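Reader: I'd like to know what the labels rest on. Can you take me through the cut-offs as we go?

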Amino acid sequence: MTMVFAVEEINRNSSLLPGVKLGYRIMDSCDHVHTSLRALLSLVSPPKAVMSEENVTGEILDSSTKSQALPSCLSDSSVSAVIGLASSSPTRAVAHTLGPFNLPLVSYFATCSCLTDKYMYPSFLRTVPSDLFQVRGLVQLVTFLGWLWVGTIGTTDDYSHYGIQEFSNQFKQHGGCVAFHLTIPKSPTPADIQEMADRLQSSTAVVVVVFATEGQLQDLFFEGTLGFSFPGVRIPGLKEFLLNVRPSPKPGMAFVNMFWEELFSCRLDTFEGAADENYNSTAEKPVCTGSEDLRYTDSSFTDVSQVRISYNVYKAIYAIAHALHTLLNCDSAEHYGMCEDHESFTSSQLLHQLKTVNFTNQFEEKVYFDSNGEPVPLYDIINWQKDSKGKIRFIKVGSYDGSAPLKEQLQIEQSTIVWTTGQSQVPSSLCSPPCSPGSRQARRPGEPQCCFDCLPCADGEISNQTGSTECTKCAEYYWSDKDQVKCVAGVDEFLSFHDIMGIILVALTLLGVVLTTIVTAVFQRFRSTPIVKANNSEISFLLLLSLKLCFLCSLVFIGQPSVWTCRLRQAAFGISFVLCLSCLLVKTIVVLLAFRTNVPGSRALKLFGPSQQRTMILCTTAPQICLCAGCLLGAPPFPFKNSNYQASTGKIIVECKEPWPPGFYLVLGYIGLLAFVCLILAFLGRKLPDTFNEAKLITFSMLIFLAVWISFIPAYVSSPGKFTVAVEVFAILASSFGLLLCIYLPKCYIILLQPQRNIKKGMTGKYLT
C-alpha cells in the first residue's frame, strides 16, 4: 500500500515527471522462488489491467513510453522497472532472470550479501543495505558489549546462510567464537521448538545472534533482545491514505479483502479474496459491511508513526521516478518544463540513470547507489522492551553508520537498554573470563580460541591489559615488577661501600693497612737490631710496602665499576702480589745461601748481594708488569651491565668485563708460579737453625697463600653477581694477612716482648732460653 501511495503522490507532483503518469502492477511472490518466477514471467504477456494490486513484487510502468529495444519476449511489456522482492532467495532467482535484459530490479528488503555480485546480477539494486554492513555492525555491537562466546540461529534461506557465514568469519577475526548453531526448520513443530529451547538453555553462551525475520522467532523472543533495524520516518499523508482503504470487488484487491475479514472478524461473501465458507468456520462470522472504521482498530497496519521497511519501498519508487525524470529530459527548457513524452528509451538507459541517481528527499536523506547498487548503510539499534501493559515495544537505543569512520560507526546508549528479566547490567557471555593483567591466555587443546586458561607471565615479561594473549618481554636492563604488569628499570648491583659486606671488607682492608703500618714503624724503630738487619732489612721494608699495596688494591674492587677502576683492578692486584712474592723469593734464596754453603768463607752469598737481590726482584716483577700493560693496551677491561642473573634475582650486575679472559688467568698463574717456587725453596730450608731462619715462616705463609688462591678459583667461578668480586677481595685480604702475620708476627713478638733474644748470640741459635 505504501507503493500505491508513493505512485499516486508522484503522479500528483507537478515538479517530478510532469506530463507523465506512472502505473503499477502488484504480484504476490508468496516468499517462494517458483511463485516469484511465475509472477515475473506473467509480465511477458501484455498486462490486462494497468491498475491492479496484489502484494510484494511491484512493477513500475511508464504509461507514456515503453522500450523499443527489449528482446522480443518483453517487447510488448510496458514494464520499466521491478520493485522487489522482500527476501533474498526469491530475489536471487528474479534478479538472475532479469539481468540479461538489463531490466532494473530494486529490492527493499533482500539483504543477502550474495546479491552484491554484479557479474551474476548486473541489473540489481536495493534501498536496503547489504548484510555485509549488518554483519559488520553486529560484530562491532557484540564485541563492544564484551560478548565473545555466542550462539547463532538461522533459517534455511540465503539471507541466513550467507549472513551467519560472514558473521562467523568476521567474529573470529575479532577474537570471538561461535558456541553452537541452530537452524529453524521451514515448518517447525512444537518438538523442534522445545529441542532448540533446551539447547539454548544448556549452553554456556547466554547471547544468541539470530539471522531470521521476526515472525520466524515469535516462539523464541524474549524481552531484552537487541536488533538492527532500518531508520524509520513518518511519511506525511500515509496514515490517512491507509485509513481510507476499503474492501472492493475490483481485481487485485484480494489481500485487502482478506485483511479486512481478519481484522474485523467478519466475512465478505462476494469479494475477491473472501474466505471459503467451509474454511475455519467463517460461516458463523457476521457479514462485513465494508464501512467499518480502521481508526478504531489497533493493528500494525495503521501504526505508521515510524515506518521502516515501507520507507525503503518509498525510496525505491522515488529513485526510479528521478531516474525517469532525467532520462526523459523533464527539466529541458525546450519543452516548457514538461517531459519528452514521446522519447523512447531502453532498459539499459534507465538502468544507467538509476545507478547514477542522486537526490535529497523530503526527509533530508540523500538517496543514491554506490558502485554495487547499495545505499548508505544506516541502521537503528532497537531494544525489545515491555511497556506497562506487558506489550513489547521497539525502543531505539543506538545507531550504526557503515559509511562513517571506523571508531564513529557504532553509537549506543547502554543506559537505555533493558536486558532479559528487566536487569540493567550488561550480561556476560564468555567461555573463559578474560585474563587479568600480569597473565596471558593459554589455549585449551581441542577447544575454541575463546576457551583458555590464564597463566602468569614469566619473569622479565609483562601484560598490562586485561585479556592479553601474549606477554611482552621487557627491554634490556628492565625487569617486570612483582605483579608482572609493568617494566621497571633493573636494579644495578655491585659490591658497594654501603653494603654490610662492603663495609666489612673495607674494615678488614684498613685493619691490614694499619697493622702493616705498625709493623713498619716497629721495624723502623728497631732497624739496627739483629732480627731486623737479618736477611736484608731493605727487602723487609720493601715486602711491607708491597703488603700494604696488596691491602690497598682491594679497595679498587669495592664500589661501582668505572673505566679507571676496571683498568686498575687486576693490574694493581697482579703487580702488588708479584712484588710481594719476589721479595719472599729473594729472602728464601738468601736463607738457603747462608746456611747451605759448606765451605767456610764461600763467595756464594757475597755474589748474591743487595744489588743482585734488587735486580732479581726487578726481573721477577717485570714480566707481570709487561703482561698487565699488554692487557690494558690491547684489551682493556670496561664496565659492563650483566643481565644474566636478572631472571633469578631481578638485578643487573655491574661488573668489569674482561675482553680477553686468558689475560686474568695468566696474571693469576704467574702469581701462583712464584708462590710455588717460594714454597719449594722454603721447604728445603725449613730445618735450618730456627732462630735466624725465616724459611719455616715463609713455608707456612706460602701454604696459606696457595690454599687461599686454590680455593679461590672454584669459589670465584661459582659465585653470582657481586659475590664474585667479594670472593676475590676476600682472597686478597686473606693471603695478605697470612703473609703479614706468618712472617712478621713472630719477629714483632721477639722485638717487643722478648728483647733478650734480639741479639747476635741469640740469632745464631746458641742462646737458649
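Author: A disulfide here is a pair of cysteine sulfur atoms within 2.5 Å. Keep in mind that this is a predicted model, where local features need pLDDT of at least 70, side-chain atom pairs count only at pLDDT 80 or more, and totals for chains, interfaces and linings use all residues. Residues are numbered from 1 along each chain as its sequence is written, and side-chain values use heavy atoms, with hydrogens and water left out.

Reader: So what makes Cys112 and Cys114 a disulfide?

Author: Their sulfur atoms sit 2.3 Å apart, and the limit is 2.5 Å. The structure holds nine disulfides.

Reader: Why is the disulfide of Cys112 and Cys114 called right-handed?

Author: Because the torsion about its S-S bond is about 135 degrees.

Reader: What makes Leu85 and Asp31 stand out?

Author: A cis peptide bond joins Gly84 and Leu85, with omega about -5 degrees. Leu85 is in the loop between strand S4 (79–83) and H3. Asp31 has a positive phi of about 55 degrees without being a glycine, and lies in the loop between strand S1 (22–27) and helix H2 (33–41). Most residues other than glycine have a negative phi, and most peptide bonds are trans.

Reader: What makes one space a cavity and another a pocket?

Author: On a 1 Å grid over the protein atoms alone, a 1.4 Å probe fits in a cavity but cannot get out, while a pocket is an open set with protein on both sides within 12 Å along at least five of seven lines; lining residues have an atom within 4 Å of a point. The structure holds five cavities of 30 Å³ or more. The largest cavity has a volume of about 140 Å³ (the space filled by probe spheres set on grid points joined across faces, edges and corners). Of its 14 lining residues, Gln570, Cys631, Pro637, Glu658 and Val667 are closest to its centre. H14 gives the largest share of that lining, four residues.

Reader: And what is known of the second largest pocket?

Author: Its volume is about 580 Å³. The lining has 23 residues, with Glu655, Cys656, Glu658, Tyr716 and Thr724 nearest the centre.

Note on methods
Helices (H or I, at least four residues) and strands (E, at least two) are DSSP runs, numbered from the N terminus.
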